[in-house]
Amino acid sequence: MASPLPPTPTGHPVVGHALRFARGPFEFVDDATTECGDAYRMELPGSNDIYALCHPEYFEHVLVAEVDSFTKTEDYQQAFGNGLLSTDDSQWRTQRNTLQPLFYRDHIMDFADQMSMCTQRRLETWHEGQTHDIESEMKNLTFEILFSTLFGREVQPGEDAELREAADGINDWFVPSSWMLPNWIPTPARRRFKQSKSRLREEVRAIFADNREQSLTESKDILSQLRRVHNTDAGLSKKEIEDQLVTMVFAGYETTAVALAFAWYSLSDDPEIRREFHQELDMVLDGRTPTFNDLPELEVTERIVKETLRLFPPVHTIPRRTKRPVEFDGFHVPEGEEVHLAVLHAHRDPTIYANPTEFQPDRWKDDLEDEIHDFGYIPFGGGRRTCIGREFALLEAKIVLATIGQHFQLTADHTTDIELEPQITTQSKNGIPMTVQPREE
């Protein structure tokens, strides 16, 4: 399948080309020079230089070997306060140790039923022949799933439009039009971000207050579990919990929605894979609602998810700032410089993947993951800061695909290219219109 993203350079020297970076996919440009084959220094107008690291060995250097030489960038603090995504050192360790058990497989497996229920409820609003922006539909669905599992609160399709808009507005801090400007300049996107952040915090505080009595029961939603932890000596403060919840709202629904949207888009152009997918659902589920215990048998579904996360990683770059001078194979990066791990680049590197811009779920059939570099596939980051919600996101993606795939197939108009508007996550600029069709038998 032809990819809607431009191709990226290999992990080796590219003479006469460098990467231009704007918090999104990369493109070749002719008016820049390469200082190092796998690490590029980019001069951006109105901004400090940025170093894009493009090889898995460098990813491992930043995320594992010399992890203490790097810290999070200021953008994360602006968006998420002292949430898990933005803290460092001892504060991060305390938060991670407290939150990690809440996302263990034994804790989240019961969410599968809620995820399927929310999906079926949204499908009741779909009708054959309708065309939907599948990206928006998946955002709405994962928002509903998140509030059900995170807050124990049912959000019906069509409800809470203002809250949905506020959750989506957190992304406005990271739009390319604002990113290269100093933080103090009040751009329209930044004003929308501040309004959204304020609205989201108000909602979080209200839900936190309403949860007091419920949290003393055995409710399994994440907020109730956090409140029970909060009531212990080792618990997080109320402000820290608020920051965690804002972080989870942002990180917990949009990234999965992006992956699901591009999965449907990719499947629509590959009838053979789609047929295998439907046959698997019929054989394993036979019309039943998918459960957590069904997932090991949904091998085709898992490969679809894995390949989508490779070709369209929702987090296309991982930013860090150097705390001290660091070196990459003789290439020096001073203290205080911004460094980006180009996940999209590595995921489409032809020295790692054959036909890297093609959607080929079957590439994961055998032992590919054991053969490639450990950091050649990192849709959830790597090292000690691997995404805490990894298992949750994978569970959700498989349950949603399996639930929808039993009822419909989605068809895209591939005569029109999908244009991307990269922000902190990979998104389309104008949506991904797809038509609801009956399944082909």
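How many nonpolar, polar and charged residues does the lining of the largest cavity have? The structure is a predicted model, in which local features need pLDDT of at least 70, side-chain atom pairs count only at pLDDT 80 or more, and totals for chains, interfaces and linings use all residues. Residues are numbered from 1 along each chain as its sequence is written, and side-chain values use heavy atoms, with hydrogens and water left out.

A cavity is a set of points, on a 1 Å grid over the protein atoms alone, where a 1.4 Å probe fits but cannot get out. Points are joined across faces, edges and corners, and a volume is the space filled by probe spheres set on them. The count comes to 5 cavities of 30 Å³ or more.

The largest cavity has a volume of about 920 Å³. Its lining (residues with an atom within 4 Å of a point) comprises 44 residues, and Leu-85, Ala-251, Val-315, Cys-387 and Ile-388 lie nearest the centre. By class, 29 are nonpolar, 11 polar and 4 charged; Ala, Val, Leu, Ile, Met, Phe, Trp, Tyr, Cys and Pro count as nonpolar, Asp, Glu, Lys and Arg as charged, and the others, Gly among them, as polar. Helix H11 (238-267) is among the elements that each supply at least two lining residues, and H11 gives the most, with 9. Helices (H or I, at least four residues) and strands (E, at least two) are DSSP runs, numbered from the N terminus.

The second largest cavity holds about 110 Å³ of space. Of its 13 lining residues, Val-67, Phe-70, Asp-88, Arg-384 and Arg-385 are closest to the centre. Strand S5 (70-71) and H3 each give two or more residues to this lining, which has 4 nonpolar, 1 polar and 8 charged residues.

Methods. 1 Å grid on protein atoms, 1.4 Å probe; cavity = no way out; pocket = protein on both sides within 12 Å on 5 of 7 lines; lining within 4 Å.
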